[in-house]
Amino acid sequence: MSSDDDDDSPQLSAHALSALQEFYSEQQTAADESEEAKATKLGGIEEDWQLSQFWYDNETATTFAQEAIHAAGPNGRIACISTPTLYQKLRQMNTDCTVVILEYDKRFEVYRENYIFYDFKEPLRLPEHVAEHSFDIVIGDPPFLSDECLEAFSGTMKRLTKEKMILCTGATMETSVKRLLNMEVCSFRPRHARNLANEFRCYANYDTTFLKKGS
């Protein structure tokens with residue numbers, strides 16, 4: 001084929017090329033938003049048992065969300081550490097609070113600026129923009145029932161919160177929770193979408209409204 005034939009090939013005008021690029025950009029944005037919307041649904045992202053992930057049932061997620069919103073106050077800041085179903089429920093409730101999720105599983109990067117990578121093995125390694133004591137309430141759910149994991153979570157929660165904290169973990173961890181976080185057990189009993197053999201309890205370091213202290 002000669003160079004003359006190349007010159008005769010149809011060419012897009014600058015305006016048409018710009019319009020095409022804009023179309024593709026809009027399509028990509030729509031796809032990204034669709035993925036985020038799917039991930040915001042309760043259970044929209046499947047549990048990964050290899051990461052010790054067990055999602056709350058709807059009642060538990062709702063109760064924790066109501067408590068978090070009430071405790072944070074208008075335009076408050078809420079940090080969810082390894083509690084994806086709580087984060088999802090808070091997003092569904094369209095609260096005026098700022099809500100972020102700290103999570104090891106990078107599938108949750110779909111939440112974009114609201115996602116913070118978190119590894120409990122490096123509990124204080126957080127992005128520079130995450131200031132100390134910048135959240136009105138922090139809710140955590142350690143993936144493992146061990147003192148090592150709980151101690152790491154404790155350090156992160158204390159660093160992030162202004163004061164209020166809620167923890168969900170096994171009933172066998174109660175003594176360690178009191179020692180590390182000075183929390184009391186609440187009467188509300190969290191449940192998971194899949195029934196687990198271990199008994200789980202929630203704990204708080206303040207007088208809650210929806211969880212109520214006391215066994």
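1. Let's start with helices H5 and H6: H5 passes H6 in a right-handed crossing (right-handed if the near helix is turned clockwise from the far one by less than a right angle, left-handed if anticlockwise). H5 covers residues 147-160 and H6 covers residues 174-181, and their axes come within 10 Å and cross at roughly 35 degrees. Axes here are lines fitted to C-alpha atoms, for helices over the stretch in contact, with angles from 0 to 180 degrees between N-to-C directions. Helices (H or I, at least four residues) and strands (E, at least two) are DSSP runs, numbered from the N terminus. On the H5 side the contact uses Asp147, Leu150, Glu151, Ser154 and Lys158, and on the H6 side Ser176, Val177, Arg179, Leu180 and Leu181; contact means heavy atoms within 4.5 Å. Sorted by class, that contact has four nonpolar, two polar and four charged residues (nonpolar is Ala, Val, Leu, Ile, Met, Phe, Trp, Tyr, Cys and Pro; charged is Asp, Glu, Lys and Arg; the others, Gly among them, are polar).

2. A word on what you're looking at. This is a predicted model, where local features need pLDDT of at least 70 and side-chain atom pairs count only at pLDDT 80 or more, while totals for chains, interfaces and linings use all residues. Residues are numbered from 1 along each chain as its sequence is written, and side-chain values use heavy atoms, with hydrogens and water left out.

3. Now the overall layout. The protein chain has six helices and seven strands, in the order α-α-α-β-α-β-β-β-α-β-α-β-β along the sequence. Of its 215 residues, 45% count as buried (buried is under 20% relative accessible area, exposed over 50%, partly exposed in between, with a 1.4 Å probe and protein chains only). Take the contacts in the chain with a separation of 6 or more: residues 24 or more positions apart account for 64% of them.

4. The other helix pair worth a look is H3 (residues 58-72) with H4 (residues 84-92), which pack at an angle of about 65 degrees with axes 9 Å apart. That makes H3 roughly perpendicular to H4 (65 to 115 degrees is roughly perpendicular, under 35 roughly parallel, over 145 roughly antiparallel, and the rest oblique). This crossing of H3 and H4 is right-handed. H3 brings Asn58, Ala61, Thr62, Phe64, Ala65 and Ile69 to the contact, and H4 brings Thr85, Leu86, Lys89 and Leu90. By class, that's six nonpolar, three polar and one charged residues. As a reminder, an α-helix has 3.6 residues a turn, so residues three or four places apart point the same way.

5. How enclosed is H4 by the rest of the structure? Largely, because seven of its nine residues are buried. Those are Pro84, Thr85, Leu86, Tyr87, Gln88, Lys89 and Leu90. After H4 comes Asn94, with a positive phi near 50 degrees. Pro84 also pairs up in space with Phe108: the two are 24 residues apart in sequence and 8.3 Å apart, C-alpha to C-alpha. Phe108 sits in the loop between strands E2 (98-103) and E3 (115-117) and is buried, at 0% relative accessibility.

6. Back in H3, have a look at Thr60. Its relative accessible area is 1%, so Thr60 is buried. Not counting residues up to four places away in sequence, Thr60 touches Phe188, Pro190 and Arg191.

7. Phe120 is in the loop between E3 and strand E4 (135-140), and counts as buried at 15% relative accessibility. Leaving aside neighbours within four places in sequence, Phe120 contacts Pro143, Phe144, Cys149, Ala152 and Phe153.

8. Last one: Thr208, in the segment after strand E7 (200-204), is buried at 8% relative accessible area. Its side chain reaches the backbone nitrogen of Lys212 at 2.7 Å.

Note on methods: Polar contact = N/O pair within 3.5 Å; in protein donor to acceptor, adjacent residues only side chain to side chain.
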